[in-house]
There are 4 protein chains.
Amino acid sequence: MRLALIGAGRIGKVHARTIDLNPEVTLAAVADVHAEAAESLARQYGVRAISADAIFEDDGIDAVLIASSTPTHADYLERAAQSGKAVLCEKPIALDLARTREALKILEEHPVTCALGFNRRHDPQFAALKQAVADGRIGDMESLIIISRDPAPPPAEYVRASGGLFRDMMIHDFDMARWLLDEPIVQVQAQGSCLINPAIGEAGDVDTAMVTLVTASGRLCHISNSRRACYGYDQRIEAFGSAGMLQASNETETRLRFTGEPGQVEEKPKWFFLERYAQAYSAEINDFVDAWQQGRAPLAGAQDGLEALRLADAAQLSLLERRPVSLDEIG
Amino acid sequence: MRLALIGAGRIGKVHARTIDLNPEVTLAAVADVHAEAAESLARQYGVRAISADAIFEDDGIDAVLIASSTPTHADYLERAAQSGKAVLCEKPIALDLARTREALKILEEHPVTCALGFNRRHDPQFAALKQAVADGRIGDMESLIIISRDPAPPPAEYVRASGGLFRDMMIHDFDMARWLLDEPIVQVQAQGSCLINPAIGEAGDVDTAMVTLVTASGRLCHISNSRRACYGYDQRIEAFGSAGMLQASNETETRLRFTGEPGQVEEKPKWFFLERYAQAYSAEINDFVDAWQQGRAPLAGAQDGLEALRLADAAQLSLLERRPVSLDEIG
Amino acid sequence: MRLALIGAGRIGKVHARTIDLNPEVTLAAVADVHAEAAESLARQYGVRAISADAIFEDDGIDAVLIASSTPTHADYLERAAQSGKAVLCEKPIALDLARTREALKILEEHPVTCALGFNRRHDPQFAALKQAVADGRIGDMESLIIISRDPAPPPAEYVRASGGLFRDMMIHDFDMARWLLDEPIVQVQAQGSCLINPAIGEAGDVDTAMVTLVTASGRLCHISNSRRACYGYDQRIEAFGSAGMLQASNETETRLRFTGEPGQVEEKPKWFFLERYAQAYSAEINDFVDAWQQGRAPLAGAQDGLEALRLADAAQLSLLERRPVSLDEIG
Amino acid sequence: MRLALIGAGRIGKVHARTIDLNPEVTLAAVADVHAEAAESLARQYGVRAISADAIFEDDGIDAVLIASSTPTHADYLERAAQSGKAVLCEKPIALDLARTREALKILEEHPVTCALGFNRRHDPQFAALKQAVADGRIGDMESLIIISRDPAPPPAEYVRASGGLFRDMMIHDFDMARWLLDEPIVQVQAQGSCLINPAIGEAGDVDTAMVTLVTASGRLCHISNSRRACYGYDQRIEAFGSAGMLQASNETETRLRFTGEPGQVEEKPKWFFLERYAQAYSAEINDFVDAWQQGRAPLAGAQDGLEALRLADAAQLSLLERRPVSLDEIG
């Protein structure tokens, strides 16, 4: 697969490196609105820095990875589909449902392999948990608890443009919930507070949140978010069922343990997503290439992006109106 | 302290044994509506089996431990106060707020040392967690997660008389939440399902529940309950704050680990409250005697019983009306 | 069982308390060469302080617990046997084989229930490990690793009278090895150094030691000792076999875990034997009473004391002559 | 660095893959006495399959990685040095000291960057442990315990040609001991048994062994080896010192934990060296290239191979003569 990368920022660089190590994919070109960024990254991997337009016109390019800024995702996604290229798009497609639905419509008209960057589905731990649940290890799942905390809060200006904690951060957890619960979610209840940085509150957002989801059959799911866990990226999932419980816990660099003052000490969890989900980014590309080659759906697709956004919108509404929100209300 | 025990059932027996091992307390008598049960237990410890009436009239008895059936608690509590005896009462005082408030009024008029059987406050782990939070170990607490699952569901007839999961089971977690959050709780949101035993649903109750509490300053607390964890009593608390996280986890009989098929295997958690909270029952009696001797308030008192019941009532209302309930509504 | 206690020092006090909590045993009297110590302890439990002579002459006394200084053990043991009283004797019977053998001869002539204070056999963890091995959990045991470290070294004068690390400290591990290997040990190889306190070296002893044992069938056992583990009492056993491995690890007061600076921190191991083996002391008394009542052998008896001492002597000789020593050489 | 690979077997393939992913190194050619094996591997990476002779004659090749069969190591190592190429040689250089010393002499005459494949020095856990010891985390190290067990025994014919457990398997642990103790080892005591496969015994070898090392300053080190740990590759190190203890424990694929029947279950350790030391192989190549570029010594060199072999020979002699062996005896 000859793959072009749009977006040469932090996450773009991660993808470039992953692609470089993957014998199944060749990095074909890099584009970025900041020409310098594109050129610097392209030079590093010995490829061309070209415009996004040029990418969509280039018949030698099979696929596009969209890692540009969020407001450009939907446009690039549509152009990739219209030019018949497979596309792996960073989440979210857009911050509002209407624009997301438009993009999905274009995808329907121009069916291409379309994967969405819900990287956690590719995390070995969560994938093993999903598999164990599917294997009946815990019997019937009855409740699900997702703890998800970032190491440090973003600047308030980022928050202002982010669509809010539910659409920007918890959207990953909504996707995990959907993926693991594996049945329709019918109700969303959200609570949130601004406890970490008042500037986030002034920007109209919360930095600490708890959400309860209810599925059609009555399963319950709890999601906890915090924008700041001083000890690193806190990413845990607990699935409880009639025959037992599965817990995926935080990862550390090594299993080294020191015993002495101040006790029995193990390392802190890995710092952030680049460290924790390094393997996931690699598995994500593998899944994308594999899906494209086999003509099958990737592990996470555009529809998953839409559904996670609906949950985020429901949570936002629930927080605003201080009431549980039925998914039907969201449309 | 010469202490009489009212109630010779399962929990009464636990208390009798604990009292017997405590050099500060002498078991003075046992009463039970089932004379045989009282006599059998009394015989075991070489004491008298007498009526509850006789206990309250006996000037040689300093204190009463009420471990009889829930509907009798409030009456016995009032009579203990009226006869000037210290009292350790199993929770709840009553299943409704009005009756509970009456009992509190009598206690106000007849001030005696009154402890309430919220045994978890005396658990070494939760006590150490509380102390570490008080010591500023996690900075400002921002969220609290309480997982509390029983090993096996009670029979449906028990459920019918129990006041429901929130008043019967989660009331312990409400007390933990109040104790650890250490500031007023202003809002309660509950979700519940009947996923384990349909008979529980037919009895008008749920067997799986998730509740979110919000405090005056915006701290968030999640409580998960299940009536059946096939692996044993699941009792964990996680307190998260600006400077770190504290987790109290399940206890096992030993630290033995087997490595082989099917992996690295440690024991299941202790089976139920008698095993997990054995030390707590002993510490509870110590605290009661100590409070009585020093004329100080015990770690958990009648007011704590009232407040936990208000939270349970709020949760029940929230579940019923599918909306968040403000504590002010409960009165 | 009416039990008299000889020795009112640290370990005597532990036993007194354990006996007091055991409904099957009544503390009958306390003796100590220091009359004051005996009286103080006797007063605490409302019993008589009498001489050791008086204990052996008292027909109302069923059993004697010998917790006096080591050089008195053998004499008291013999007198207990001669007066027909059951006896629980702290280890060792004596510091030399000849004196130990004399005592065993008297026991043979006057058979009474005789238990030896190898408290670790009664530890719930090690007992569970033993049981799991017996149940075939690890198939054929092939190697055994015993880590045993004290929290702080004793004063050099104690060391001088102790018989040396092998007879004083590692003797417990020799007993564990014999008990778990469950077949004759044929060879002992010892290495030792003085790395902690030069005064221990000047007293002719080592403070750090490693011993390898070989059994008749070729199983290998490693024992590591240190007189000082700054983090507390380090008591671990690992049994490895054809079908897996069992590990008994250190215990902590609670399962509380803090995550933050400097990492994920759990408590240090329990400080020393009184904390770690509290349950074992209680189980030891139970086993003794039970053995006496049923006329069966206790879990550890006088012969076990002799055999552990033979291993210690072999280790001492191995260290001195820098060569492996066959048990046959010890006699 | 243009690197040629000699040896296209299992370990050769691992190295080829690692080299392919390393942007600092280019795989230049592959050689193997089995031409087909060389060609197959060469084809996979799009390089030439040539003879070893051709490699040494090719001026365009900077370095050679020797992953051929053990008896060929010393010859290839010498030829690499003589042709002025940097060399990374799988351990051991040879199975006997004389041949090893000859090779070292050639290296002295033709000084090139020479790294030896003691892959464990590059393991992130052991490297972190080494660093923590160097940082004074445990104060003065006093004892070291190395557990090292393979998942399954090799066939008896392999054993026959292997030089025996000490030279073939424990040699890695001897290197770890030397690296971590960081001072001369003066005495070696070995015990060994054949408990797993009688054919190994018939081949004159043991499959279970325990060795004690003593350093010049009296530090003690224990090494346990077994040829078969049914649960996977058991690779642990414990360093104990005056200020605490460091433990590097086994790694598992994920941190997933199941609680239910038969308990709290985590994954088994990674299966064997390819899984456990995957990162180490990559770090080993990095260190080699880096050492070559900077003209510094690699983390493990030819002299380390010689010293580990001396320890293995001492252990073999100790086992044979059933006595401790001084390193001085080995020459």
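These legends go with a set of close-ups of a predicted model.

**View 1. Phenylalanines in the largest nonpolar core.** The largest nonpolar core counts 213 residues, and the members touching the most others are A:Phe166, A:Phe174, C:Phe166 and C:Phe174. Zoom in on A:Phe174 and, setting aside neighbours within four places in sequence, you find A:Phe166, A:Val211, A:Leu213, A:Ile223, A:Ala308, A:Leu311, A:Ala312 and A:Ala315 in contact with it. Apart from this core lies another one, of 212 residues, with B:Val133, B:Leu246, D:Ala16 and D:Met170 among its members.

**View 2. Where chain C meets chain A.** Here 14 residues of chain C come up against 14 residues of chain A. The two chains bury about 1200 Å² between them, and carbon and sulfur atoms give 54% of that. On the chain C side, look for C:Thr259, C:Gln264 and C:Lys268: this trio supplies 40% of the area that chain C buries against chain A, more than any other three residues.

View 3. One to pick out joins C:Lys268 to A:Glu261, with the closest N and O atoms 2.5 Å apart. On chain C, the elements giving two or more residues to the side that touches chain A are strand S13 (257–260) and strand S14 (263–266). S14(C) gives the largest share, 4 residues. Sorted by class, that side of chain C has 4 nonpolar, 5 polar and 5 charged residues.

View 4. B:His73 sits in helix H4 (residues 73–82) of chain B. Is B:His73 buried or exposed? Its relative accessibility is 1%, so B:His73 counts as buried, the cut-off being under 20%. The side chain of B:His73 reaches the backbone oxygen of B:Ser68 at 2.9 Å. Leaving out neighbours within four places in sequence, the contacts of B:His73 are B:Ile66, B:Ser68, B:Cys89, B:Glu90, B:Lys91, B:Pro92 and B:Ile93.

**View 5. Two salt bridges in chain B.** In one, the side chains of B:Arg257 and B:Glu266 meet at 2.7 Å, N to O. B:Arg257 has 19% relative accessibility and therefore counts as buried, whereas B:Glu266, at 22%, counts as partly exposed; the line between those two classes is drawn at 20%. The other bridge pairs B:Asp290 with B:Arg296, whose closest N and O atoms are 3.0 Å apart. B:Asp290 is partly exposed, with a relative accessible area of 27%, and B:Arg296 also counts as partly exposed, at 29% relative accessibility.

View 6. The side chains of D:Asp123 and D:Arg276 meet in a salt bridge, 3.2 Å from N to O. Which parts of the chain does the pair link? D:Asp123 is in the loop between strand S6 (114–116) and helix H6 (124–134) of chain D, while D:Arg276 is in helix H11 (residues 273–276), so these are distant parts of the chain, 153 residues apart. Both D:Asp123 and D:Arg276 are buried.

**View 7. A salt-bridge network in chain A.** Take in four side chains together here: A:Asp75, A:Glu78, A:Arg99 and A:Glu102 are linked in a network of salt bridges.

Methods
Residues numbered from 1 in each chain as written. Chains lettered and ligands numbered in written order. Predicted model: local features only at pLDDT ≥ 70, side-chain atom pairs only at ≥ 80, totals over all residues. Heavy atoms only, no water. Core = buried A, V, L, I, M, F, W, Y, C linked by side-chain atoms within 4.5 Å. Buried < 20%, exposed > 50% of the residue type's maximum accessible area, 1.4 Å probe, protein only. Contact = heavy atoms within 4.5 Å. Buried area = accessible area lost by both parts, 1.4 Å probe. Nonpolar A, V, L, I, M, F, W, Y, C, P; charged D, E, K, R; others polar. Polar contact = N/O pair within 3.5 Å; in protein donor to acceptor, adjacent residues only side chain to side chain.
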